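Open the model in your viewer and keep the selection tool ready. The stops below are to be taken in order.

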Amino acid sequence: MKAQPVASHFIDGEYVEDTDGSVIESLYPATGEVIARLYAATPAIVEKAIAAAKRAQPEWAAMSPTARGRILKRAAEIMRTRNRELSELETLDTGKPIQETIVADPTSGADSFEFFGGVIAAGMNGQYIPLGGDFAYTKRVPLGVCVGIGAWNYPQQIACWKGAPALAAGNAMVFKPSENTPLGALKIAEILIEAGLPKGLFNVIQGDRTTGPLLVEHPDVAKVSLTGSVPTGRKVAASAAGNLKHVTMELGGKSPLIVFDDADIDSAIGGAMLGNFYSTGQVCSNGTRVFVQKAIRDEFLSRLKARTEKMVIGDPMDEATQVGPMVSYDQRQKVMSYIEKGISAGATLVTGGGIPNNVSGEGYYIQPTVFADVTDDMTIAREEIFGPVMCVLDFDNEEEVIARANATEFGLSAGVFTADLTRGHRVADLLEAGTLWINTYNLCPVEIPFGGSKQSGFGRENSLAALEHYSELKTVYVGMGKVEAPY
Ligand code: NAD
């Protein structure tokens, strides 16, 4: 299987290569096979990409919002027409099953272009402020050149979630995908050109943790939007602060999912499984601390175990497969080491915990894993594992569970399952997180804001809120009379 792109980078409307960069091998996680060889951006490539963006941006910003939106909506249509091809590429890039990528990845990227293409004509309007004779008005203006840096779990979605609002608001973007998943973003860049986007406005360059700083520190960059881990977020935010750049930080989590004893238990188990095993657990907002009220604990665990053991693990290109491999060997090893920590700390291994035996030994597979009897102080309950490992914790009452759920440095997401309407809203109100779900989990349509609080980051993606993070307010005061100076 090969997925070699035309070249490593896409700058100023065309593919560009520079073989002086260090080699990035793209591996298919299901087999470990090398499917593409690319080169990390050299400083010359970084300069070229930023210069192209800087050159193209003013003319784009001067176009009418409707004209900009039309191009983005056309890109959405092309993505939908090519959904199968893009989904297969996403599966090769990440190892996620085609059953998921065909409904979740290019589709949500297309939603993003469609949404921002549609709302932009009204989304950047300002305000008229009467001042009794004089008046003022505000306008939303683009920031200029924005940098997007992506994680490896949703490469196409992340490129679109950053690119669509940035472009809609009149900015240009240089996007760097994760070194683990370099392929998808190049296709998004190609499609935008096909849709009529003027060249230079959406550029993709490859690279790793040594390339990112070249972008973040560049004086011509006005904004950095990062999706990644908390340690990376701290470094990027600190470096961006040096030049007072705008930042959006979409970082990690250890989110609580609370199941009260009056909940619809099948829905709660379904929500917990989706919120721990979808994309082989590589989802930032996952509800990895599942708090289950004691009265239903045994029933919850036995039904959860039965449903988990029926999940189909295998070849990601087979449409029947529900669980694919992890993105990389290193990530699988990291998750295995957390499983060992859980066992040695005394948590009960309910199911999983190992490498499945029905799959290729070269792929980075791991079984969906459930731990019970997890306590708040265990490492597996405190740190982000970023793999298919669910921790089930018991609780007695509402007050106690809210305090325990909030006792974390993270604040990305949270969920509550209950049949009691007032309790659902009360608990959602008290949980410290940026995105919350009542009686469902992990749904993130483009219409709603998404992002974290506490150490999980700041800024919001999706919805009209994202436009605010890719623009700034300009206020104009208009004097209608003579200037009355006291001197
Ligand atoms: P990571 O932090 O290792 O890398 C993220 C990106 O940052 C990569 O492109 C990497 O090359 C780049 N990078 C690394 N060091 C950098 C530096 N010093 N300067 C600039 N760029 C740098 O994260 P990962 O392992 O790729 O992804 C997993 C993490 O991402 C998890 O913590 C997960 O929770 C988080 N995530 C968050 C969201 C969200 O929306 N909140 C979504 C997906 C993933």
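This is a predicted model: local features need pLDDT of at least 70, side-chain atom pairs count only at pLDDT 80 or more; totals for chains, interfaces and linings use all residues.

Residues are numbered from 1 along each chain as its sequence is written, and side-chain values use heavy atoms, with hydrogens and water left out.

**Stop 1: helix 11**

Select residues 329-345, which form helix 11; helices (H or I, at least four residues) and strands (E, at least two) are DSSP runs, numbered from the N terminus. At 1.5 Å a residue its 17 residues should span 24 Å, and the end C-alpha atoms are 24 Å apart, in agreement. The expected span is 1.5 Å times one less than the number of residues.

Now colour Q331, R332, V335, M336, Y338, I339 and G342, the buried residues of helix 11. They lie on the same side of helix 11, because they cover an arc of only 155° around the axis, taken from the directions from the helix axis to the C-beta atoms. D330, E340 and S344, on the other side, are exposed. Buried means under 20% relative accessible area, exposed over 50%, and partly exposed in between (1.4 Å probe, protein chains only).

Show strand 15 (369-372), helix 12 (379-382) and strand 16 (389-395): the buried residues of helix 11 pack against these, with contact meaning heavy atoms within 4.5 Å. After helix 11 comes G346, with a positive phi near 100°.

**Stop 2: K223**

Move to K223 in strand 10 (residues 223-227). What is the nearest side chain of opposite charge to K223? That is E461, 7.8 Å away, and buried K223 has no salt bridge (a side-chain nitrogen of Lys or Arg within 4 Å of a carboxyl oxygen of Asp or Glu). Display the T248 side chain, which a polar contact of 2.5 Å joins to that of K223. The backbone oxygen of H469 is 2.8 Å from a polar atom of the K223 side chain.

**Stop 3: salt bridges**

The count comes to 27 salt bridges. Select E319 and R84, whose side chains meet at 2.5 Å, N to O. E319 is in the loop between helix 10 (297-309) and helix 11, R84 is in helix 3 (residues 83-94), and the two are 235 residues apart.

Last, select E398 and R426, a salt bridge of 2.8 Å, N to O. E398 is buried at 18% relative accessible area, whereas R426 is partly exposed at 38%.

Technical notes:
Lys and Arg count as positive and Asp and Glu as negative; His and the chain ends are not counted. A polar contact is a pair of N or O atoms within 3.5 Å; within protein, one must be able to donate a hydrogen and the other to accept it, and residues adjacent in sequence count only if both atoms are side-chain atoms.
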